[in-house]
Amino acid sequence: MAIGVKALHLSFVPHALAIAGAVMVLVWCIHFRGGLAWESSNKNLIFNLHPVLMLIGFIILGGEAIMSYKSLPLKKEVKKVIHLVLHATALILGIIGIYTAFKNHNESSIPNLYSVHSWLGIGIITLYGIQWIYGFLIFFYPGGSTGLRSESLPWHVLLGLFVYILAVGNATLGFLEKLTFLENSGLDKYGAEAYLVNFTAIVTVLYGAFVIFTVLSQGPQEDDYSYSAI
């Protein structure tokens, strides 16, 4: 299944959305929420690392990893390495991002894992890690047999997109959860910060959608081995 647009050309849209989303989440956490810190007496600064790392490190880099295998006019082995490294970086930053939420909660005497956002987050990062390990072992090193790779590819692609869609949805849920807490604490529901958070969530959803559209678009002429498997 493919839509009649070249993946390389379509990918410019999510790239632009990625820049917009990254800028917006940084403006929110630094300008409106006071900044970022690994250690601070103001525990909110520790939590601010969470949305930054999860959006830029996990959602955006994860999306770039997915698109790289379909849109880049490079040799298969080069794209495989780019795909693998970007996903590994997204996974590592995602784990750190989740850790910062636990760190903030523990140092602020806030219970952990009390919301559907946190439950889904643990499940998603676990599935993402399993997906990466399986892909590394089967498609990179030591590598499975030709038959195993051929049979595994459609499922690897399908599960990868499923996990990514879950991640984008859960990120949106996270924005909603945090904004609800802030509004219950007195934040103006129609103020600049509330609008910024809502628009950041919308940009995140649009970015995820265009990542999927890029996967479903036409790859380079010589590319017959990647996401066309679905």
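**View 1. Glycine 62 is found in helix H4, one of the helices taken as DSSP runs of type H or I with at least four residues and numbered from the N terminus, strands being E runs of at least two.** The model shown here and in every other view is predicted, so that local features need pLDDT of at least 70 and side-chain atom pairs count only at pLDDT 80 or more, while totals for chains, interfaces and linings use all residues. Residues are numbered from 1 along each chain as its sequence is written, and side-chain values use heavy atoms, with hydrogens and water left out. With a relative accessibility of 0%, glycine 62 counts as buried, where buried means under 20% relative accessible area, exposed over 50%, and partly exposed in between, for a 1.4 Å probe and protein chains only. Leaving aside residues up to four places away in sequence, glycine 62 touches Gly57, His87, Ala90, Tyr128 and Tyr164, a contact being heavy atoms within 4.5 Å. Glycine 169 is 107 residues from glycine 62 in sequence, and their C-alpha atoms are 14 Å apart in space.

**View 2. Helix H2 spans residues 12–32 and has a buried side as well as a face turned away from that side.** From its first C-alpha to its last, this helix of 21 residues reaches 29 Å, close to the 30 Å expected at 1.5 Å a residue, the expected span being 1.5 Å times one less than the number of residues. The buried residues of H2 are Pro14, Leu17, Ala18, Gly21, Ala22, Met24, Val25, Trp28 and Cys29. They cover an arc of only 170° around the axis, which puts them on the same side of H2; the arc is that of the directions from the helix axis to the C-beta atoms. An α-helix has 3.6 residues a turn, so residues three or four places apart point the same way. Exposed residues Phe12, Ile19 and His31 are carried on the face turned away from the buried side of H2. Helix H1 (7–10), helix H4 (49–71), helix H7 (146–184) and helix H8 (192–215) are included in what covers the buried residues of H2. Just after H2, glycine 34 takes a positive phi of about 100°.

**View 3. The structure holds one cavity of 30 Å³ or more.** A cavity is a set of points, on a 1 Å grid over the protein atoms alone, where a 1.4 Å probe fits but cannot get out, and lining residues have an atom within 4 Å of a point. About 40 Å³ of space lies in the largest cavity, with grid points joined across faces, edges and corners and the volume taken as the space filled by probe spheres set on the points. The lining of the largest cavity is made by Leu17, Ala18, Gly21, Leu55, Ile60, Val203, Thr204 and Tyr207, and the elements that give two or more residues to that lining are H2, H4 and H8.

**View 4. Valine 168 has its place in helix H7.** At 8% relative accessibility, valine 168 counts as buried, and its contacts, not counting residues up to four places away in sequence, are Ile59, Thr204, Val205 and Gly208. Valine 168 and threonine 204 are 36 residues apart in sequence, yet their C-alpha atoms are 6.9 Å apart in space. Threonine 146, also placed in helix H7, counts as exposed at 57% relative accessibility. Between threonine 146 and phenylalanine 199 the separation is 53 residues in sequence and 45 Å in space, C-alpha to C-alpha.

**View 5. The loop between helix H5 (76–107) and H6 includes serine 109.** Phi of serine 109 is near 55°, a positive value in a residue other than glycine, and the residue counts as exposed at 70% relative accessibility. Leucine 113, which lies in the loop between H5 and H6, also has a positive phi near 55°, and this leucine is partly exposed, with a relative accessible area of 40%.

**View 6. The peptide bond from tyrosine 141 to proline 142 is cis, with omega near 0°.** Proline 142 belongs to the loop between helix H6 (116–140) and H7.

**View 7. An unreviewed UniProt entry lists residues 13–216 as "domain: Cytochrome b561".** UniProt positions are given in the numbering used here with shortened feature names, and annotations may be inferred rather than shown by experiment. Over residues 13–216 the chain is 82% helix and 0% strand, with the end C-alpha atoms 14 Å apart. The spans annotated "transmembrane region" in the unreviewed UniProt entry include 153–175 and 195–216. Residues 153–175 are 100% helix and 0% strand, with end C-alpha atoms 33 Å apart, whereas residues 195–216 are 95% helix and 0% strand, with end C-alpha atoms 32 Å apart.

Terms used. On a 1 Å grid over the protein atoms alone, a cavity is a set of points where a 1.4 Å probe fits but cannot get out, and a pocket is an open set with protein on both sides within 12 Å along at least five of seven lines; lining residues have an atom within 4 Å of a point.
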